[in-house]
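Have the structure open as you read.

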Amino acid sequence: MEQDKCREQHRKEEWPPKGRKAEDNRTDKDRQSSKQPDGEEKREQEEHQDERIEKTGQVTLDTNGKMGNIHLISIIGEVEGHDNLSNNSKTTKYEHILPSLAAIEDSKDIQGVLVLLNTMGGDVEAGLAIAEMIASLSKPTVSLVLGGSHSIGVPIAVSTDYSYIVPTGTMVIHPVRMSGMVIGVPQTFEYFKLIQDRITGFVCSHCKISKQVLEQLMTETGILTKDVGTILVGEDAVKHGIIDEVGGIDKAIARLHEMISRKTDDKSE
């Protein structure tokens, strides 16, 4: 009897291995559950990023492991002015771009800006506002002309610190146009000239082309069949001094990282 009591007491005092295993299992579950929010958070970030691209055409490039996050801004379709265009038109809204540029300037996490252009042009006031904002950023900026950067897209393309155009990219340069009622008085043409001088002045101050050559390209009559102006393709835009170099996305991003690195080194010194 005494031996049986001793055995029973020993079993009670013994650490049950099953209990330990169960505790270990609970710990594994806790670890798995602690990883779940990370996966959910990643999915939420991807969904937010996709939604942001769909609504504004913008995204922050921050997963390359290199020093310096790049914010990408796309200028596509028609640059919308103070009036809303139809729902069938692809547009770039300045009310999206301007606040984003202000936030980029104030951000400590974003070190550079990449501007992708495939635009037919659009509103002069909105286009110049975007170009002036990009030009005034203290952070390195690079632009890349893809399908085309026509009309008011030209000032936006040259507003960055360095510009690229793909070999098949095009730029249409033409005089200012106005839609709606036009009053046939000398003051109207003076106003046209004033607007055009604002555009040519900005372009010439941010690239290598002279004002005389730019105005010659604007008033060319033998190139466009239904319009006055000039179309420049790839290398032609570089030869005229409007764009810095022919290249694609690889060169644009590499150049931007190089500029960010150089600026960081200058600050550390």
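Helices (H or I, at least four residues) and strands (E, at least two) are DSSP runs, numbered from the N terminus. By that rule, K139 sits in the loop between helix 4 (124–135) and strand 5 (141–149). This is a predicted model, in which local features need pLDDT of at least 70, side-chain atom pairs count only at pLDDT 80 or more, and totals for chains, interfaces and linings use all residues. Residues are numbered from 1 along each chain as its sequence is written, and side-chain values use heavy atoms, leaving out hydrogens and water.

Now the overall picture, with contact meaning heavy atoms within 4.5 Å:

| Property | Value |
|---|---|
| Helices and strands | nine helices, nine strands |
| Buried residues | 38% of 269 residues |
| Contacts between residues 24 or more positions apart | 66% of those with a separation of 6 or more |

Back to the lysine. A polar atom of the K139 side chain does lie 2.8 Å from the backbone oxygen of I110. Not counting residues up to four places away in sequence, K139 touches I104, E105, S107, I110, Q111, D161 and K263.

Helix 7 (residues 211–218) buries L214, L217 and M218. Seen down the helix axis, these residues fall within an arc of 105°, so they line one face of helix 7. They pack against strand 7 (170–173), helix 6 (186–205) and strand 8 (230–233).

Definitions and conventions
Buried means under 20% relative accessible area, exposed over 50%, partly exposed in between (1.4 Å probe, protein chains only). A polar contact is a pair of N or O atoms within 3.5 Å; within protein, one must be able to donate a hydrogen and the other to accept it, and residues adjacent in sequence count only if both atoms are side-chain atoms. The arc is that of the directions from the helix axis to the C-beta atoms.
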